[in-house]
Amino acid sequence: FRFHHGIETYVMMTYRIQEDAFLPEYATHYIGAGGVVINEQKQLLVVHEAGRRSTSSRSYKLPGGALVAGENLEDGVVREVFEETGVRTKFEAVVCFRNLHGYRYGKSDIYFVCRLAPLTHEITMQVDEIEDCKWMDIDEYMQAENVSEFNKSIVQVAVGTTGFVPTRMDGYRDKRQYETYMPVLESD
């Protein structure tokens, strides 16, 4: 028997009866999501994570974090934004995603960035993870030297496109099990 993987409630060992039998690896990715939340005044909801003082000035990013097992993407990003900022939001679209290799424990990380509409505006910051949270003018964010080019690109795409919107399809009706996102097609 060979070790395959372990989690909190069990350890899995495997034994190949047939030498060339296919045995899939255990999960290789983390899934996370962040939110581009823009209010009516063209301000972006941003956070500065606690313990991230790499420069003399604060580096602001989009709120977000890891989804939990079995969590729907729409619910996860809305939850993460609320937990970090106290702002309630409504999911609108997937703007982009990135895949980062060699993340925590050597696994890969798929991170979805989603456009959300604010339902509330008052900020209640999560003090154990976040050092600062505020509404920042989009132009100020796009001009800031301490904001990554990746984050600036994400915001630019979120403002300039409809993104991938939730799409319900025949045969995939149970939103808890299936999620499908597609771009809005231009009508003739």
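Here is a short chat about this predicted model.

User: Hi! What are the ground rules for this predicted model?
Analyst: Local features need pLDDT of at least 70 and side-chain atom pairs count only at pLDDT 80 or more, while totals for chains, interfaces and linings use all residues. Numbering runs from 1 along each chain as its sequence is written, and side-chain values use heavy atoms, without hydrogens and water.

User: Is Cys114 buried or exposed?
Analyst: Buried, at 0% relative accessibility. Buried means under 20% relative accessible area, exposed over 50% and partly exposed in between, with a 1.4 Å probe and protein chains only. Cys133 is buried too, at 9%.

User: Switching topic, where is Glu71?
Analyst: Glu71 sits in the loop between strand E5 (64-66) and helix H1 (73-85). Helices (H or I, at least four residues) and strands (E, at least two) are DSSP runs, numbered from the N terminus.

User: What does Glu71 touch beyond its neighbours within four places in sequence?
Analyst: Gly76 and Arg79, with contact meaning heavy atoms within 4.5 Å.

User: Nice! Last one: where is Tyr15, and is Tyr15 buried or exposed?
Analyst: Tyr15 lies in the loop between strand E2 (10-14) and strand E3 (29-37). Tyr15 is exposed, with a relative accessible area of 57%.
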